[in-house]
Amino acid sequence: MEIIENKKKYDVVIVGSGAGGGMATKILTDNGLTVALMEAGPFFDPANPDQQLHLKWPYESPRRGRGSTRAFGDFHASYGDWKVEGEPYETKGDTKFNWWRSRMLGGRTNHWGRISLRFGPNDFKRKSVDGLGDNWPIGYEDVKPYYDKVDKLIGVTGTKENIYNEPDGFFLPPAKPRLHEMYYKKGAEKAGVKVIPSRLSILTKRISNERGVCYYCGQCGRSCGSYADFSASSCLVFPAQRNAQGKLDLYVNSMVREVSVDKKGKPNGVVYINKDDNKEYKINAKVVVLAASACESARILLNSKSPYHENGLGNSSNMVGKYLHDSTGTNNMAFIPDLMNRKTYNEDGMGNMHLYSPWWLDNKNLDFPRGYHIEIWGGLGTPSYGTGFNFNSLNSFFGLEVGGYGDRVREEVKKYYGSTMGFSTRGESIPNIDNYCEIDPEKKDKYGIPVLRFNYNWSDYERKQAKHMNETIKEVVHNIGGHMLWENGGRDNGLLTPGEVIHEVGTTRMGNNPKTSVVNKYEQLHDAKNVFIVDGGPFVSQADKNPTWTIMALSWRTSEYIIDELKKQNI
Amino acid sequence: MNRRDSIKTIVISSLASGLLLEGCLSKEKKIIYENVWKYKYGRTPEELKRDLELLNQVFFSSEELNKIRVLANLIVPPNKDGNIDDAEVPEFIEFIAKDAPSFQDIFRDGLKWVDIISNKEFEKNFIDCNESEQKSILDSVAFPKGKKNKEEAFFSTFKDLVITGYFTSEVGINDLGYKGNQPNFWDGVPDEIMRDHGFSYEKDWNYKFVDPLKRNDIAKWDDDGNLIS
């Protein structure tokens, strides 16, 4: 097929407009570089009334928000979920893997939980702690200045706690806990579990005149129209567009297939399919920055085959796609009788929990090597599709009749409204070379691009951790007189399917040794010094934290390195 | 052409072709058009087109819809706080049956069954039975023990949708007492409720929470990360 070449030559082409790509766009254009930003999905602005999802009522959807076209319901700000029409993926053997894609400007940062945690000193050196996996080639002290800058630019709530592996930052004030969260605190502390205010990238206090302040509708997952939560579109790409004075070109609906190389094998841009006309185009650039998400960036590299890079670009080590790992997770839910028959008030609050539990134990004394944190949910939430299903099933805890209809429906729905709590435990898995994505030998997506095939299995490290998660939650619930609504069992103790926590990282891992890693400590390909990866791919290990804050800190650091190297004419 | 106009164009052109295929009348065209624009949230053009196609189809007959209305009123009886029609529950169930086709056979068969059983027991159709006759039929399937039979499964699924349809409507949300989905300032659980549950922010937490009077002052920190504005 003929490739239509854009004559313009950019300093940098960035693939993906989420956390990593958005940050690189902002830093590189602020420093005067010309940038082409490629996004596979459409333009998205949560403040655009036609795209607005927040402050809507369930009856503004004909299906009352049911998740018929979006996994988490109509009002959830993600175009695409674990399935994207025309963009399949495969799994090998008995592997189960679910791969989330958000095809829109800002990517997954539009819908994410805004939980913004720094990795601690131990998180970069896990091998030194427990002998498993590998250390990062950098440490907390290398990343700390960038975490500080991200805190100040983006904004994050929190409190000074002086916990060694949960470093403090520059925090905005926390919001008071909700009622069920007070119960959680009571039960957790009795079980010896630490509880602290949440660290969320939500503006409880103004940080600039370009963004609003949280008005507590609890709907960050719908992406905030006053830009009071962090989404890469509203907080990075739009400010970059305003400041760039023509130096930034945004290409939406542009699906990048591969990194192109010149006659000597040096990368010189990207080839993409324009979804509007289905034709192939080429963007020329001195530097290529991949930020398409850990698996999509690995896919682009593996599909970038040429006589110089027969194995795919950056893959002389055969490490691209290897060490894929997601956070571990189990979900539990409980009924708390003390929360029955509630007086109602507006309890929406911020768009996630107001307090949480960071990892509080030492794995030296446990039968599993890595930790986890606890997120909680509940309260007097917005009714949504599913509200009132099995409306009086909780009667079974009192030996009362379950079922029926009529006047009792209103009475019993109200009796139990706000009386259940959920617990999402999210932990660190051990990166494993046998968990990987690769190019499927046959299948292609609707754009003709070869698709990924996943190989992934949990090990006993994760299964034992999941058992501990479930036991902890049971103890917390017991301490506040609650009842578990289900028991996580089976071989995996309720571990979520890999990919379901949507924290997949590690596919282009960082290291000093080009034989065992894909990028160096500046996220620069060992095999091509003008190609960088700024998504979760370079993570050596995931920590029991959420990856976004670290993706952005590293992207900022890499962007400064790119600026410096271009000045020195090294790339 | 702005974005709204361009989406409207998509709708109108696919509406036209849809109507041509369905052979609908122009009166219905107007109704469908109003239905599409009654629902407004950030749908993608593909989702809008899908909604349009579903709203453009009819699944339940008017007899079935009548039966749905009678059943729904038995499940959530009308009172001063709201009723099934104000909550647009029948419309919601019609839409869901098209949106999630796995419901179709369950509902269609279940709606047939209520007449079969009412004719057997009372020699008339379900909607012609009096309320106590209707309830005697529903009581036979409303309290399943163990694995549900087909009729119990129908009533349980139908009941779930009626109740969720009611409590996700404007009247149902008010009836429930949900107070949110509006800009406000969260200053914690009301004092008397905290007291009722034996909690106190002052006693239980040593944190400086958000100050409503200073939240619009731009954040500044000292070098140690202490907020100073």
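This report walks through a strand, an interface and a nonpolar core in a predicted model.

Let's start with strand β12 of chain A, residues 420–427. Six of the eight residues in β12(A) are buried, so the strand counts as mostly covered, given that burial takes 20 or more other C-beta atoms within 10 Å. β12(A) pairs with β9(A) and with β11(A), as set out here.

| Partner strand | Residues | Sense | Bridges to β12(A) | A bridge pair |
|---|---|---|---|---|
| β11(A) | 372–378 | antiparallel | seven | A:H373 and A:R426 |

Now for the interface. Here 75 residues of chain A are in contact with 68 residues of chain B. Sorted by class, the chain B side holds 36 nonpolar, 17 charged and 15 polar residues.

Then there's the largest nonpolar core, which has 188 residues. Which members touch the most others? Those are A:V12, A:V13, A:I14, A:V15, A:M38 and A:V289. α8(B) turns up again, supplying eight residues, the largest share of this core. Domain 2 (62–176) and domain 3 (187–229) of chain B each bring at least three residues to the core. Nonpolar side chains tend to be buried together in soluble globular proteins.

Zooming in on A:V12, and skipping neighbours within four places in sequence, its contacts are A:L28, A:L33, A:V35, A:A285, A:K286, A:V287, A:V289 and A:I562.

Note on methods. Residues numbered from 1 in each chain as written. Chains lettered and ligands numbered in written order. Predicted model: local features only at pLDDT ≥ 70, side-chain atom pairs only at ≥ 80, totals over all residues. Buried ≥ 20, exposed ≤ 12 C-beta atoms within 10 Å, placed from the backbone. Helix = DSSP H or I, 4+ residues; strand = E, 2+ residues; numbered from the N terminus. Pairing = 2+ DSSP bridges. Contact = placed C-beta atoms within 7 Å. Nonpolar A, V, L, I, M, F, W, Y, C, P; charged D, E, K, R; others polar. Core = buried A, V, L, I, M, F, W, Y, C linked by C-beta atoms within 7 Å. Domains from an automatic or database assignment.
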